[in-house]
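The sequence and the structure are shown first.

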Amino acid sequence: MAALFGVFTGTAVLLFIGTFPPRIVDAFHDFPWWTAWVVATETLCALALLTAGLTGRPRLQRGAATALAGSYCFSSAWMLAIRGLGHGTEADVVWHEAYPSIIVIGLVPFLRTRMVLLLAVALFTVVGLLAVDDPGRWVVVNILHMYSLGGFSVAVAYAILGIATLSDEESERTRERISIASVAEAEQMERERVDGLIHDAVMSTLLAAAGVGSEPRVVASAENALAELDALRFPRGDDQLVPVEDFVHSLRSGLHFIDPGLAVTTSITEAPVEPILPVSVARDLTAAAAEALRNSVIHARGHRRSATVSYRDDAGGPLTPGVVVVVEDDGPGYDSRTVPPHRMGTRASIVGRMDAVPGAGATIETAPGAGVRVSLTWTTP
């Protein structure tokens, strides 16, 4: 906003000076030194103001505005000393009396209000005396008239600056609120990620160790849990991409680690060879599918289980390309409304994990006696 004040003041002064060339020529015949001083200094100051406003250089703008106000005050007082009162209708210098409020507006963003008002009073008084036709009549009225016109312009300038300041403060407060909310959301997502890791890897390993001891499979599970915990301290390159085929091979290996006899069906047609799946998405899909299978192994022991991995490429069609992973069994199922809130198996490890991934989602279809079907989806942004 301060830059706009500079552009406005510089442009307005240049337009005023450029609008009255015949009167400036007449003034030069009568007052050569005064006219040369006014045109040279005020033109240079106005150009500097305009340049500073357009290029965003507040220090130059403040100096140019101060120099312009000083030059205008000096030249107006000089002319009042030369002519005295009673020559306000002379056309040779009347052009210089036309823009005192413009000069004051240029200083509004940079000086304290008290200083601006003192300068406005001094400037409007001098210019009002210059515009007096008859020194014996209407002096006070002429000065008050100058105060009313100039004061209105300055008041409008302060109102615009105040609105801009309030808008900037509100924008800053909004950015702070968004930043705080983003930090809280990131902390919540990280907390849920840690909860899911503890439930999926650590707790399952400890339960297995308590039940069967240090069998090779339990040792491998412990090593995998330690690797996942190290990944929290030393994040991997989540911004890297992997091909769909590599993700499918990794997912199949992870599921077979939990259930070696699991039937994994793949449905991939015209999958792109180039990497398209972010590492973080592949990791979360694999972890959520593993948790769904682990739940099925625990609660649907002896029943049939299966997994399906598919990639759909509907470029130009109604659907967005993406990956779908389905883990299902024909076990006893359950009533999802009876699951306690503190249980993290589905809330944090499956649904919460996928909800935290942009473009991903999870649905769990189950009912008593109807088995469980967990669908994990991710669509290309």
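## Overall composition

Of the 381 residues of the protein, 36% count as buried. The model is a predicted one. The protein contains 11 helices and seven strands.

Its accessible surface amounts to about 20,600 Å², and carbon and sulfur atoms make up 63% of that area. Among contacts with a separation of 6 or more, 73% are between residues 24 or more positions apart.

Helix α4 covers residues 58-83 and has 26 residues. At 1.5 Å a residue it should span 38 Å, and its end C-alpha atoms lie 37 Å apart, so the two values agree.

The buried residues of α4 include Gln61, Ala64, Ala65, Leu68, Ala69, Ser71 and Tyr72. Toward the end of the list come Ser75, Ser76, Met79, Leu80 and Arg83, which are buried too. Among the elements that cover the buried residues of α4 are α1 (2-19), α3 (32-55), α5 (100-105) and α6 (113-130).

## The five-stranded sheet

Five strands form an open sheet in the order β2-β4-β5-β7-β6, and their pairing is mixed. From one strand to the next, the twist averages 10 degrees.

Strands β2 and β4 run parallel and are joined by six bridges; here Thr266 has Val309 of β4 as its bridge partner. Between β4 and β5 the direction is antiparallel, with eight bridges, and Val309 is partnered in turn by Val325 of β5.

Strand β4 is mostly covered, as six of its eight residues are buried. Helix α9 (residues 244-258) lies across β2, β4 (305-312) and β5 (322-329), and runs at about 170 degrees to β2.

## The largest nonpolar core

In soluble globular proteins, nonpolar side chains tend to be buried together. The largest nonpolar core of this model has 31 residues. Those with the most contacts inside the core are Phe247, Leu255, Leu285, Val323, Val325, Leu376 and Trp378. Two or more residues each come from α9, α10 (279-299), β4, β5, α11 (344-355), β6 and β7. Helix α10 gives the most, with seven residues. Another core lies apart from this one; it has 30 residues, among them Val13, Leu49, Leu68 and Val154.

## Leu285 and Trp378

Leu285 is found in helix α10. Leu285 counts as buried because its relative accessibility is 0%, against a cut-off of under 20%. Neighbours within four places in sequence aside, Leu285 is in contact with Phe247, Val323, Met354, Leu376 and Trp378. Leu285 and Gly361 are 76 residues apart in sequence, while their C-alpha atoms are 9.7 Å apart in space.

With the same exclusion of neighbours within four places in sequence, which residues is Trp378 in contact with? They are Ile276, Leu277, Pro278, Val281, Leu285, Gly322, Val323, Val357, Pro358, Gly359 and Ala360.

Conventions:
Residues are numbered from 1 along each chain as its sequence is written. This is a predicted model: local features need pLDDT of at least 70, side-chain atom pairs count only at pLDDT 80 or more; totals for chains, interfaces and linings use all residues. Side-chain values use heavy atoms; hydrogens and water are left out. Helices (H or I, at least four residues) and strands (E, at least two) are DSSP runs, numbered from the N terminus. The expected span of a helix is 1.5 Å times one less than its number of residues. Buried means under 20% relative accessible area, exposed over 50%, partly exposed in between (1.4 Å probe, protein chains only). Contact means heavy atoms within 4.5 Å. Two strands pair if DSSP finds at least two bridges between them. Axes are lines fitted to C-alpha atoms, for helices over the stretch in contact, and angles run from 0 to 180 degrees between N-to-C directions. A nonpolar core is a set of buried Ala, Val, Leu, Ile, Met, Phe, Trp, Tyr and Cys residues joined through side-chain atoms within 4.5 Å. Accessible areas come from the Shrake-Rupley method with a 1.4 Å probe; for residues, only the protein chains shown count as cover.
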